[in-house]
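Below is a short note on the pockets of this structure. Please read the points with the structure open.

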Amino acid sequence: MELNEYKNKIKSGTLGGVYIFAGEEDYLKRYYLGELRRACLTDESFAVFNHSVFDGKEIDFGAIREAIKSPPMMSEYKLIEWHHADFTSLGEKDFELFFETCEMVKEYPYAVVAFVTIPEGFEVNSKKKKASNQKRAQEETNFLVFNKSTDNQLFAWLKKHFEANGISVTLDVLKALLFRSGRSMDALEKEVKKISYMILQRGGNAATVNDVEEAASSTPECDTFAFSNAIGERNKELAYTALEEMKFRRVDPNIILAMMSRSFSELSAVSLLISEGAGQREIEEQLKINKYRVPHLMSSVKRYGKEKLAEIMSELARIDAASKFGGIMGYTAIEIFVASHL
């Protein structure tokens, strides 16, 4: 079922049947389920009689059938929801009950049944033999799948939400927000509100990259990237700032140590090739590194030098061994390393 077809059903009020909301993007599943809910439950005073909500990976079709049989009160439709459904775990008998329930719904024109899956709870267009029932379920229901949005889709969505709050934004601001706060629409919605309220409180009406850096919450990926950049620039102040943020967010020190090892291993490999007379193109080809990163890596190698990089690799090996045999470890080991080698 295409999204436009779904929107037309909502608009026209022809709502009866079985719906499946699948995919990774929970925000969109909730949003479009909300549209269905508003279309079905037009009178709040009777909503309690016309709305049944169930939850769980294991679907109780008996409970759903009982809810279907009970007619709505002072309403054209009755909505039955099942949240956190997992169609990938259903056996043959379960699917028999599911398809029987779909047939039963046809006998009750007022019944609207909506299944909302967990992110991995439906194999869309899978060619696996066990997924044949899921393919049939797609074909015999009002099936909607909401995958993670592309960056361009998120840019348009974010711009719309900022503007709804009276805040104008540029593409650079939106890119900075995605980088800092990730791509979860649930998280981004909260960040948009937080940044917008901050700007409005200050009497402004336009967001800047500085506003994002000041107010938006960062993801562990963003923090480790910032720490990696500080390593490349050999900048202690930036490294400590990124490290404090990761400590606040309780990022596992082992993740940070692994990132440090990868970063310095890469720099050591570039250093070795440079010492052998390799140029930018050769480094790119031999190490399979994006051509835009190579100049930055070569600059970082110059900041450290071949001998210092060898010393650092030896120190990282020592820290790793110490973590396994009761020596100094965790954030303390990382802080000592930053103080001694950056």
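How do the residues of the lining of the largest pocket divide into nonpolar, polar and charged?

1. They divide into 15 nonpolar, 6 polar and 3 charged. Here Ala, Val, Leu, Ile, Met, Phe, Trp, Tyr, Cys and Pro count as nonpolar, Asp, Glu, Lys and Arg as charged, and the others, Gly among them, as polar.

2. The model is predicted: local features need pLDDT of at least 70 and side-chain atom pairs count only at pLDDT 80 or more, while totals for chains, interfaces and linings use all residues. Residues are numbered from 1 along each chain as its sequence is written, and side-chain values use heavy atoms, with hydrogens and water left out.

3. The largest pocket has a volume of about 640 Å³. Its lining has 24 residues, and Leu3, Leu28, Tyr32, Phe146 and Met185 are the closest to its centre. A pocket is an open set of points on a 1 Å grid over the protein atoms alone where a 1.4 Å probe fits, with protein on both sides within 12 Å along at least five of seven lines; lining residues have an atom within 4 Å of a point. Grid points are joined across faces, edges and corners, and the volume is the space filled by probe spheres set on the points.

4. Two or more residues of this lining come from each of α2 (26–40), β5 (142–145) and α7 (151–164). α7 gives the most, with 6 residues. Helices (H or I, at least four residues) and strands (E, at least two) are DSSP runs, numbered from the N terminus.

5. The second largest pocket has a volume of about 470 Å³. Among its 18 lining residues, Ser228, Asn229, Gly232, Arg293 and Leu297 lie nearest its centre. α11 gives the most to this lining, with 7 residues. The lining divides into 5 nonpolar, 8 polar and 5 charged residues.
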